[in-house]
Amino acid sequence: MRLLPAVVSLSLTVALAYYVYIPLPETIQEPWRLMMLDVGFRTTMHLASLKAWLGFDHYIQSLRQSTEGFEDIMQGMCSSQSEGGVMPGVKVCDITFAGVPVRVYEPPAGGEGHLRRGLMFIHGGGWALGTTKKGSYDVINRMLSDELNTVVVSVEYRLYPEVNFPVPYLDCLAAAKHFLSAEVRARYAIDPERIAVSGDSAGGNLAAAVAQEISTDDTMSVKFSVQALIYPVLQALDFNTPSYLQNQHIPILYRPIMVRFWLQYFGADLSLLPQLLANNHSSLQHSNITPELRARVDWTVLLSPKHKKNYKPVIVEKGSQGGAREVPGLLDVRASPLLAGPEVLGLGCHGNRRPLLGRLPRCFSFVTWPMEFEVGKRAVRVTLDWLQKNL
């Protein structure tokens with residue numbers, strides 16, 4: 001009988017270690033901290049899925065409530081440090097642009113000739129999570145406004161499951177057009193030649209799509225001069241690119257989770273996930289995916305040998321029957337900006353080509369405790385320095 005508690009304890013310890021430990025490349029910094037963060041995220045997702053299975057709530061809504069509640073607790077614990085020390089000169093105001101909620105950050109100083117830079121920032125989160133009004137995105141936007149002397153407009157676009165594509169895109173487009181209007185530029189003393197749009201991950205997707213639409217809109221006299229796209233997701237035809245495969249087992253955004261975010265965004269059947277992981281949805285049998293479209297997402301041409309490494313393209317001869325018909329929006333450039341024609345890709349921003357800051361690690365928002373990582377701080381610094389130089 002004395003042996004039983006020891007066996008149970010050992011079994012629980014082994015099970016816990018198996019749940020926590022993930023083999024990570026040697027290049028990953030602060031690996032144990034990342035593992036613990038991943039444990040928290042995976043546990044929250046499992047609990048949210050359980051609640052959804054029991055019929056209490058949609059799993060994304062449960063996940064959102066849990067993460068936002070945790071952020072509120074952390075903000076309360078660190079209030080004396082964060083409220084008093086985070087860019088106290090930046091004026092913050094929550095208003096609407098063309099009916100879309102936005103948060104405006106105004107720097108304390110003026111610019112050359114009393115005109116300042118302008119920046120629209122669109123947060124990531126798989127079109128389902130995230131907010132600009134608390135946590136890391138709020139801290140980052142305050143930094144952008146203060147250090148760059150920039151009027152930052154951060155968009156609170158609607159999220160899944162309340163809406164699907166193209167609603168988040170349309171929210172961001174409406175806010176962007178209002179931001180670029182003469183009325184708003186005059187109100188905030190913004191230089192019409194120095195207005196950028198930026199976003200990370202799904203936010204980078206929305207930023208690119210909005211900039212492309214505005215670049216071809218002849219009714220818009222002022223357009224974005226710069227795009228700063230931070231590891232944006234730009235296409236949904238190939239989920240076996242080197243970046244997807246290289247990072248498929250790296251916390252916290254695993255490849256199946258990213259594909260699930262895409263399916264949710266499109267309002268498609270989640271049971272299609274294995275088909276998309278195998279690229280069956282874009283097999284050669286689908287005539288509506290023309291050779292020209294395939295060429296636009298051909299990473300063997302787009303990437304340098306350094307980034308192609310030894311990966312081989314996954315081209316399926318005959319896959320699922322439905323393809324694009326089962327995934328509405330799959331070939332829509334508003335959802336997959338990389339599918340736009342070369343004439344549009346070249347006009348993504350007025351006067352300057354876009355930077356694709358895809359080489360940054362997927363941790364742009366990891367700058368506030370307990371998700372505070374040095375690599376996240378460096379990613380934000382790289383973005384700040386690039387905008388300082390190019391905007």
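In the predicted model, the lining of the second largest pocket comprises ten nonpolar, three polar and three charged residues. Two elements, helix H12 (291-296) and helix H13 (299-302), each give two or more residues to the lining of the second largest pocket.

Packing between helices was examined for H5 and H16. Two packed helices are described by the angle between their axes and by the distance separating those axes. Helix H5 spans residues 135-148 and helix H16 spans residues 374-390; the two pack at an angle of about 35°, and their axes lie 11 Å apart. The crossing of H5 and H16 is right-handed. On the H5 side, the contact is formed by Ile140, Met143, Leu144, Glu147 and Leu148, which meet Val380, Arg381, Leu384, Leu387 and Gln388 of H16. Classified by residue type, the contact of H5 with H16 contains seven nonpolar residues, one polar residue and two charged residues.

Side chains of opposite charge can pair when their charged atoms come close. Arginine 142 forms a salt bridge with aspartate 138, with a separation of 2.9 Å between the closest N and O atoms. The structure as a whole holds 15 salt bridges, including the one between arginine 142 and aspartate 138.

Phenylalanine 165 and proline 166 are joined by a cis peptide bond with an omega of about 10°. Proline 166 is placed in the loop that connects strand S4 (150-155) and helix H6 (167-179). A cis peptide bond also runs from proline 251 to isoleucine 252, where omega is near 0°. In this case isoleucine 252 is located in the loop between helix H9 (242-246) and helix H10 (255-266).

A further backbone feature concerns the phi angle of glutamate 30. For glutamate 30, phi is near 50°, a positive value in a residue other than glycine. The position of glutamate 30 is in the loop between helix H1 (3-20) and helix H2 (31-53).

Notes:
Residues are numbered from 1 along each chain as its sequence is written. This is a predicted model: local features need pLDDT of at least 70, side-chain atom pairs count only at pLDDT 80 or more; totals for chains, interfaces and linings use all residues. Side-chain values use heavy atoms; hydrogens and water are left out. Helices (H or I, at least four residues) and strands (E, at least two) are DSSP runs, numbered from the N terminus. Ala, Val, Leu, Ile, Met, Phe, Trp, Tyr, Cys and Pro count as nonpolar, Asp, Glu, Lys and Arg as charged, and the others, Gly among them, as polar. Axes are lines fitted to C-alpha atoms, for helices over the stretch in contact, and angles run from 0 to 180 degrees between N-to-C directions. A crossing is left-handed if the near helix is turned anticlockwise from the far one by less than a right angle, and right-handed if clockwise. Contact means heavy atoms within 4.5 Å. A salt bridge is a side-chain nitrogen of Lys or Arg within 4 Å of a carboxyl oxygen of Asp or Glu.
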